[in-house]
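Subject: Structure for you to look at

Dear colleague,

Here is the structure I said I would pass on. My notes on it follow below.

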Amino acid sequence: MASGTRKIVEVLNGKTVSPPPVWLMRQAGRYLPEYRETRSKAGSFLDLCYSPDHAVEVTLQPIRRYGFDAAILFSDILVIPDALKRQVRFEEGHGPRLQPLTPDEIPPLSKLGVMEHLAPVIETVGRLRKELPQETALLGFCGAPWTVATYMIAGQGTPDQAPTRLFAYKEPKTFALLLDILAEKSAEYLIAQIDAGADAVQIFDSWAGVLGEHEFAAYAVKPVRRIVDIVRAARPQAKIIAFAKGAGLFLREYRQQTGADAIGLDWTIPLSMAVELQKDGPIQGNLDPQRVVAGGAALHEGIDAILSALGNGPLIFNLGHGITPQADPANVADLVQRVRSYRS
């Protein structure tokens with residue numbers, strides 16, 4: 001089967017597929033016992049990301065178990081700052097920790113290459129394309145510059161990204177330079193993933209929801225547009241999904257402003273708004289991950305509402321954010337079965 005007939009690629013080309021293709025953000029993760037077993041063997045979390053053997057294995061685990069329509073490369077958005085020598089580490093129970101970035105450290109970042117450091121990740125992509133079933137799409141990804149910058153400036157995740165917002169107000173030119181650097185490095189990284197076999201790529205802007213109107217345009221839209229333009233200039237047929245979590249009403253023009261083929265929706269987006277967004281092209285989402293934890297009627301009602309509202313247009317069924325470690329694998333199987341039983 002040629003890559004053009006993979007269901008997710010068809011949707012990204014604007015077609016309606018019934019039942020819609022389904023994959024889940026963080027579908028390879030701690031809710032799966034086989035993942036936890038592999039994770040225990042890998043060493044640190046970054047060791048897992050940079051080991052093609054382990055990264056291929058954990059990427060394939062949910063495909064073997066559920067037969068999702070897409071596999072997403074197992075990696076992390078912080079491999080870019082790690083490649084930029086920002087001393088990334090992951091602390092159990094606390095999440096990522098980085099060496100906080102100061103204004104005078106930003107200009108030299110432009111001179112650093114990242115692809116040698118990220119070569120193991122690209123090897124993983126190539127091996128996955130060979131090992132995945134022909135009908136299964138392979139998705140690559142990167143973090144959006146704004147979200148990656150929040151970790152680089154603060155040195156860790158913060159509730160409302162106040163340290164980075166303050167930095168951007170006090171050092172606007174330097175912060176704009178950081179976003180430009182991250183956009184260019186990320187685009188290079190995505191092009192390499194596409195060349196290695198990714199059918200499409202997703203740009204994760206997990207912290208877009210903390211931005212005001214002007215800041216959203218400058219920090220969320222502009223850098224993602226830069227990534228899309230660079231990738232498309234090099235690979236005109238590239239398929240790109242942009243996911244700006246928490247963006248709310250800003251999503252009305254986000255697809256047009258960024259040039260993305262599809263936009264991901266978090267679970268707070270009303271289905272009435274999603275219907276309007278779908279008129280402009282493919283959408284992805286947007287089940288509340290807690291419905292997967294709850295299971296039963298709550299899960300079924302959430303799935304059915306999305307399919308009823310959006311199943312007659314180009315839709316990739318997904319969660320509104322990543323699956324949580326508390327999810328029961330049996331509920332995920334139930335989700336897949338219910339989506340696959342839908343007919344428009």
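Arg26 is exposed, with a relative accessibility of 52%. The model is predicted, which applies to everything that follows. Arg26 sits in the loop between α1 and α2, and its phi is positive, near 60°, although the residue is not a glycine. Most residues other than glycine have a negative phi, and most peptide bonds are trans.

Another positive phi in a residue that is not a glycine belongs to Gln161, at about 55°. Gln161 is in the loop between α7 and α8 (162–170). Its relative accessibility is 0%, so Gln161 counts as buried.

In α7 (residues 145–154), 10 of the 10 residues are buried, so the helix is largely enclosed by the rest of the structure. Among them are Trp146, Tyr151 and Met152. Gly155 follows α7 and has a positive phi, near 85°.

On annotation: the unreviewed UniProt entry places the feature "domain: Uroporphyrinogen decarboxylase (URO-D)" at residues 21–30 and 139–155. Residues 21–30 are 0% helix and 0% strand, with end C-alpha atoms 23 Å apart. Residues 139–155 are 59% helix and 29% strand, and there the end C-alpha atoms lie 28 Å apart.

Thr136 is in the loop between α6 (119–131) and β4 (137–143). With 3% relative accessibility, Thr136 counts as buried, because the cut-off is under 20%. Leaving aside neighbours within four places in sequence, its contacts include Arg6, Phe68, Asp69, Arg129 and Asp199.

Next, the helix pair α12 and α14. Helix α12 (residues 271–278) packs against helix α14 (residues 296–310) at an angle of about 35°, the axes being 9 Å apart. The crossing of α12 past α14 is right-handed. On the α12 side the contact is made by Leu271, Ala274, Val275 and Gln278, and on the α14 side by Ala305, Ile306, Ala309 and Leu310. Seven of the residues in this contact are nonpolar, one is polar and none is charged.

Ile306, in helix α14, is buried at 3% relative accessibility. Neighbours within four places in sequence aside, Ile306 touches Leu271, Gly285, Asn286, Leu287, Gly311, Leu315 and Phe317. Gly285 and Asn286 are themselves joined by a cis peptide bond, with omega about -15°. Asn286 lies in strand β8 (residues 283–287).

Last, the cysteines. How many disulfides does a search of the whole structure find? The search finds zero. For Cys49, the nearest cysteine sulfur is that of Cys142, 14 Å away; a disulfide would need the sulfur atoms within 2.5 Å, so Cys49 is in none. Cys142 is likewise in no disulfide, its nearest cysteine sulfur being that of Cys49. Cys49 is buried, with a relative accessible area of 1%, and Cys142 counts as buried at 1% relative accessibility.

Regards

Methods
Residues numbered from 1 in each chain as written. Predicted model: local features only at pLDDT ≥ 70, side-chain atom pairs only at ≥ 80, totals over all residues. Heavy atoms only, no water. UniProt positions renumbered as here; feature names shortened; annotations may be inferred. Helix = DSSP H or I, 4+ residues; strand = E, 2+ residues; numbered from the N terminus. Buried < 20%, exposed > 50% of the residue type's maximum accessible area, 1.4 Å probe, protein only. Axes fitted to C-alpha atoms, helices over the stretch in contact; angles between N-to-C directions. Left-handed = near helix turned anticlockwise from the far one by under 90°. Contact = heavy atoms within 4.5 Å. Nonpolar A, V, L, I, M, F, W, Y, C, P; charged D, E, K, R; others polar.
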